[in-house]
Amino acid sequence: MADPKGFLTTPREEWPRRPAGERVRDWDEVYVPGALLPIVGRQADRCMDCGVPFCHEACPLGNLIPEWNDLVSRSDWRAASERLHATNNFPEFTGRLCPAPCEAGCVLAINQPAVTIKNVECAIADTAWEEGFVPPLPPERLSGRAVAVIGSGPAGLAAAQQLTRAGHTVAVYERDDRIGGLLRYGIPAFKMEKRHLERRVGQMRAEGTRFRTSAAVGRDVDAAALRARYDAVVIATGATAWRELTVPGRELAGVHQAMEYLPLANRVCEGDLERSPLSAAGRHVVVVGGGDTGADCLGTAVREGAASVTQLDIYARPGAERDERAEPWPTYPRLYRLSAAHEEARDLRSAPAADADARLFAASTLRFTGDERGHVRALHLVGVDTGRRPLPGSERSLPADLVLLALGFSGPDRHDGLVDGLGLDMEPRGTITRDRGFATNVPGVFAAGDAARGQSLVVWAIAEGRAVAAAVDRHLSGGSTRLPAPVGP
Ligand code: FAD
């Protein structure tokens, strides 16, 4: 490190967010533009280069974190970019979206807040693009083998990029009209602007990867015929089958799944729609589910101009109350977490709940009731103990004319013809069955990402995409590969 004792003199400082009241008026990323670079060198210098980098072990990608912290502390951005891209195809995605298990592993965190690894990653990736350190890397020679990747989320994109660079001819099939999976139509632009996605897709096209959009395999494209046409197939179709809430009143108008709501808001940002048909404007919004998807609904509803927002979480409020700027995210769920969206909801101030940030913990939905036109008007809930048993006398109602269900996802869509068309074996929990080498029961067909792993994280999707590419390359080349495999299934 430029200053080996930097951690003794420099406190943790994160990329500042814009004031909540300002950022809810647009869909841009929540951070103050240009405010990261001036602080990031000294933050990287806080790395102790401890010699036992648990940060590296904690990252599914095996990111070489102490190495690039050192390079950033010395302002060697080109070398930092080379080391970062050696393990991660899309660091500007993880630098913005990852909950950063690396920071939970940081040895400095025994005594002080962890190094801001995620911010350092983001600074390297953004600088690399600005300085032109991320050229397309087309293969020197082609293998003559062809691979179809089904699904263009982070797992499919990582697999496609690795396989293209290894010399295979790769076509990505995507049922949506645009590339990106949940990065495109799930995750809102205020967490990651779509330009980052466009830039990578442009890089991949220049390397030779082909993209076919509006092509649902199993519906628009015959699955068995596709298998016969390619030497190998990678299924990276995500976990799109959402969990339901079976309570009285679920059928009322105005009760929607989060993934019915978020894609429409994302389409407004893309310029496809002037206004979302499910817009929260002027409505009392209740989000059922305490995870990231729920928080994304919250941030979206606030930007759309909701009259009030409330998020219900079945789990008890986490113990200590600390701001994540002082205590990094990964310590969740043991600590109370104030995400950007919760900060914004708190600032809306009209939350009907006593909770300042619009969350109600240890709350379970009993039923919805509606008006004479069959539209939801209220959500009735009960408090629960840690065993989710109802607490007598704790029933209450919230005004609700838009209810968003964010209860998680079980696995890929079983009804789109892909699973049956290929004859894939499935796990009882709803994910695609695969062996230790990412291979499904169908010869030459592999599975990666949320479709096989179950609902997870962007960093895991990229890691699985890289690893499945190694498995496919080994399969195609008769047993050997030079591609890295950071994780197993
Ligand atoms: P996906 O991103 O789901 O992509 C699968 C793609 O396959 C989709 O584009 C789909 O249209 C396509 N597809 C499906 N079936 C077919 C077919 N038959 N033919 C062709 N194409 C098909 N993770 C984080 O790390 N940080 C976050 O902040 C975060 N926020 C999230 C917010 C929301 C609202 C949600 C829902 C998830 C979030 N996640 C987050 C999780 C993360 O987005 C996923 O783990 C990740 O995107 C999974 O990648 P994937 O490539 O496996 O699948």
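Tutor: One term before we start. A residue is buried under 20% relative accessible area, exposed over 50%, and partly exposed in between. Take D413: its relative accessible area is 25%, so D413 is partly exposed. Keep in mind that this is a predicted model.

Student: OK, D413. Which side chain does D413 meet in a salt bridge?
Tutor: R175. The N to O distance is 3.8 Å.

Student: Where do D413 and R175 lie?
Tutor: D413 is in the loop between β14 (409-411) and α17 (418-422). R175 is in the loop between β2 and α11 (182-185). The pair therefore ties together parts that are 238 residues apart in sequence.

Student: And how accessible is R175?
Tutor: R175 has 37% relative accessibility, so it counts as partly exposed.

Student: What about R175 and D416?
Tutor: Their side chains meet in a salt bridge too, at 4.0 Å, N to O. D416 lies in the loop between β14 and α17, and R175 in the loop between β2 and α11, so this pair ties together parts 241 residues apart in sequence.

Student: How many salt bridges in the whole structure?
Tutor: The search finds 35.

Student: Give me another one. Who partners E207?
Tutor: R165. Their side chains form a salt bridge at 2.7 Å, N to O. E207 sits in helix α12 (residues 195-207) and R165 in helix α10, 42 residues apart, so the link is between distant parts of the chain.

Student: Is E207 buried or exposed?
Tutor: Buried. Its relative accessible area is 4%, and the cut-off for buried is under 20%. R165 is partly exposed, at 26% relative accessibility.

Student: Switching to pockets. Where does R165 turn up in the second largest pocket?
Tutor: R165 is among the lining residues that lie nearest its centre, along with Q162, A166, R482 and L483. The lining has 34 residues.

Student: What volume does the second largest pocket have?
Tutor: About 780 Å³.

Student: Which helices supply the lining?
Tutor: α6 (77-85), α10, α12 and α19 (458-476) each supply at least two residues. The largest share, four residues, comes from α6.

Student: α10 came up again. What does α10 pack on?
Tutor: A sheet. Let me set that up. Five strands form an open sheet in the order β3-β2-β1-β4-β15, with parallel pairing. The edge strands are β3 (210-212) and β15 (445-447), and each pairs on one side only. Neighbouring strands are turned by 20 degrees against each other on average, direction ignored. Helix α10 (residues 154-165) packs on this sheet and touches β1, β2, β3 and β4 (232-235). The direction of α10 makes about 165 degrees with that of β2.

Student: How many bridges join β1 to β2?
Tutor: Five. β1 covers residues 146-150, β2 covers residues 169-173, and the two run parallel. In that pairing, A148 has A171 in β2 as its bridge partner.

Student: What is the strand order in the other open sheet?
Tutor: β6-β13-β7-β8-β9, five strands with parallel pairing. At the edges are β6 (255-257) and β9 (359-360), each pairing on one side only.

Student: How do β7 and β8 pair?
Tutor: In the parallel sense, over five bridges between β7 (residues 284-288) and β8 (residues 308-312). V285 has V309 in β8 as its bridge partner.

Student: And which helix packs on that sheet, touching β7, β8 and β13?
Tutor: Helix α15 (residues 292-304). Its direction makes about 175 degrees with that of β8. Helix α14 (residues 258-270) lies across β6 and β13 (402-405), at about 80 degrees to β6.

Student: Last one. Where is P399 found?
Tutor: In strand β12 (residues 396-399). P399 is partly exposed, with a relative accessible area of 37%. Leaving aside residues up to four places away in sequence, P399 touches H284, V286 and R377. P399 and A378 are 21 residues apart in sequence, yet 4.6 Å apart in space, C-alpha to C-alpha.

Conventions:
Residues numbered from 1 in each chain as written. Predicted model: local features only at pLDDT ≥ 70, side-chain atom pairs only at ≥ 80, totals over all residues. Heavy atoms only, no water. Pairing = 2+ DSSP bridges. Axes fitted to C-alpha atoms, helices over the stretch in contact; angles between N-to-C directions. Contact = heavy atoms within 4.5 Å. Buried < 20%, exposed > 50% of the residue type's maximum accessible area, 1.4 Å probe, protein only. 1 Å grid on protein atoms, 1.4 Å probe; cavity = no way out; pocket = protein on both sides within 12 Å on 5 of 7 lines; lining within 4 Å. Points joined across faces, edges and corners; volume = space filled by probe spheres on them.
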